Structures are given as structure tokens and as C-alpha cells.
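Good morning, and thank you for the time on the agenda. I would like to take you through one chain, from its overall fold down to a handful of individual residues. Please have the sequence and the model in view as I speak.

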Amino acid sequence: MITSPTIMIDEWRHGSAAVLRLAGRLDSRAAPALEARLAGLEAVPMVVIDFAGVEYITGTCLRLLVLAARRMNASGCRLSLCVPQEPVLDVLRISGLTRMLHVYADRATALAEVDRLGESE
């Protein structure tokens with residue numbers, strides 16, 4: 001588990017995917033911890049970020065997600081988000097991230113997709 005002043009990041013594996021569960025505020029103080037964790041996962045085939053505990057996201061962290069998604073896509077990694085709270089989902093929609101990433105309403109659906117994609121490899 002990684003913690004910063006405003007965010008907690010818990011990680012585990014589900015098949016070939018890394019699952020990150022975030023809790024707190026994704027602000028400029030949380031950005032370095034999230035950036036470091038995502039950079040360490042670029043070789044993983046799939047990454048699912050559980051946003052259920054994220055109550056706030058800044059432009060700094062949106063940019064970080066965009067850049068991470070581009071790097072991961074270029075390396076063949078699939079980055080998905082699940083369970084964003086409505087205010088955070090609104091920000092993700094406005095920023096265009098929902099067009100760039102796979103966003104699932106719940107973790108079970110995201111993990112079922114991981115299982116389905118893992119079987120087809």
C-alpha cells in the first residue's frame with residue numbers, strides 16, 4: 001500500500017491485471033505517488049483503477065492519467081477505470097478521458113472484462 005498526504009493506493013493482482021484501489025483526493029500532493037505507481041505498471045497487460053474512494057480529482061491528476069494511458073496504450077497495456085463517483089465521473093467526461101479509457105460502473109464488471117480478455121490471449 002502506498003500513501004501520500006491525500007491519497008491511499010492499494011494494489012493487488014487479478015489474473016494478468018494489476019488492480020489499484022484509490023481512496024482520498026487526487027490532487028497535486030497525490031500526483032507523485034500515483035505517477036510512480038502507474039509508471040511501475042507499464043509492462044503489465046492490464047491495469048484497472050478502482051475510483052470508488054476518490055472524492056476529488058484535479059487537472060494535474062487528469063493530465064497524469066492521460067499521459068499514463070498514452071504510454072500504456074503504446075506498450076500494449078489496457079488501462080481501465082471503475083466505480084467513479086458521479087462528481088468525479090463528470091470531470092472525467094468533460095476532460096474526454098471516458099473516450100480514451102474503458103470506464104466501468106462497478107469493479108465486478110471491470111474484473112469480468114479482465115477475465116474475458118485474459119482468456120482470449
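Helices and strands here are DSSP runs, with at least four residues of H or I for a helix and at least two of E for a strand, and both are numbered from the N terminus. On that basis the chain contains five helices and six strands. Please keep in mind throughout that this is a predicted model.

Let me begin with the overall architecture. The order of elements along the sequence is β-β-β-α-β-α-β-α-α-β-α. The radius of gyration is 13 Å, close to the 14 Å that the globule rule gives for 121 residues, so the chain is as compact as a globular protein of that length. The C-alpha trace spans about 40 × 25 × 25 Å along its principal axes.

How much of the chain is buried? Of the 121 residues, 46% are buried. As for contacts between residues at least 6 apart in sequence, 67% of them join residues at least 24 apart. The exposed surface comes to about 5,900 Å², and carbon and sulfur atoms supply 53% of that area. Turning to charge, the chain has 13 positive and 14 negative charges, and their mean positions lie 6 Å apart.

I now turn to the cysteines. How many disulfides does the structure hold? The number is zero. For C61, the nearest cysteine sulfur belongs to C82 and is 17 Å away.

R37 lies in helix 1, which covers residues 31-39. Is R37 buried or exposed? R37 is buried, because its relative accessible area is 18% and the cut-off for burial is under 20%. R37 and E11 are 26 residues apart in sequence, with 9.3 Å between their C-alpha atoms.

E113 belongs to helix 5, residues 107-120, and counts as buried at 17% relative accessibility. Which residues does E113 contact, once neighbours within four places in sequence are left aside? They are R78 and Y104.

T58 is in the loop between strand 4, residues 46-57, and helix 2. At 16% relative accessibility T58 counts as buried. Not counting residues up to four places away in sequence, T58 touches L26, D27 and S28. The C-alpha atoms of T58 and R25 are separated by 8.5 Å, although these residues are 33 apart along the chain.

S75 is placed in the loop that runs between helix 2, residues 59-74, and strand 5, residues 78-82. With 44% relative accessibility, S75 counts as partly exposed. S75 and A43 are 32 residues apart along the chain, and 7.3 Å separates their C-alpha atoms.

Finally, V83 is found in the loop between strand 5 and helix 3, the latter covering residues 86-95. For context, most residues other than glycine have a negative phi. V83 counts as partly exposed, at 23% relative accessibility.

That concludes the presentation, and I am glad to take questions.

How values were computed
Residues are numbered from 1 along each chain as its sequence is written. This is a predicted model: local features need pLDDT of at least 70, side-chain atom pairs count only at pLDDT 80 or more; totals for chains, interfaces and linings use all residues. Side-chain values use heavy atoms; hydrogens and water are left out. A disulfide is a pair of cysteine sulfur atoms within 2.5 Å. Buried means under 20% relative accessible area, exposed over 50%, partly exposed in between (1.4 Å probe, protein chains only). The radius of gyration is taken over C-alpha atoms; the globule rule is 2.2 Å times the number of residues to the power 0.38. Contact means heavy atoms within 4.5 Å. Accessible areas come from the Shrake-Rupley method with a 1.4 Å probe; for residues, only the protein chains shown count as cover. Lys and Arg count as positive and Asp and Glu as negative; His and the chain ends are not counted. The place of a charge is taken as NZ of Lys, CZ of Arg, CG of Asp or CD of Glu.
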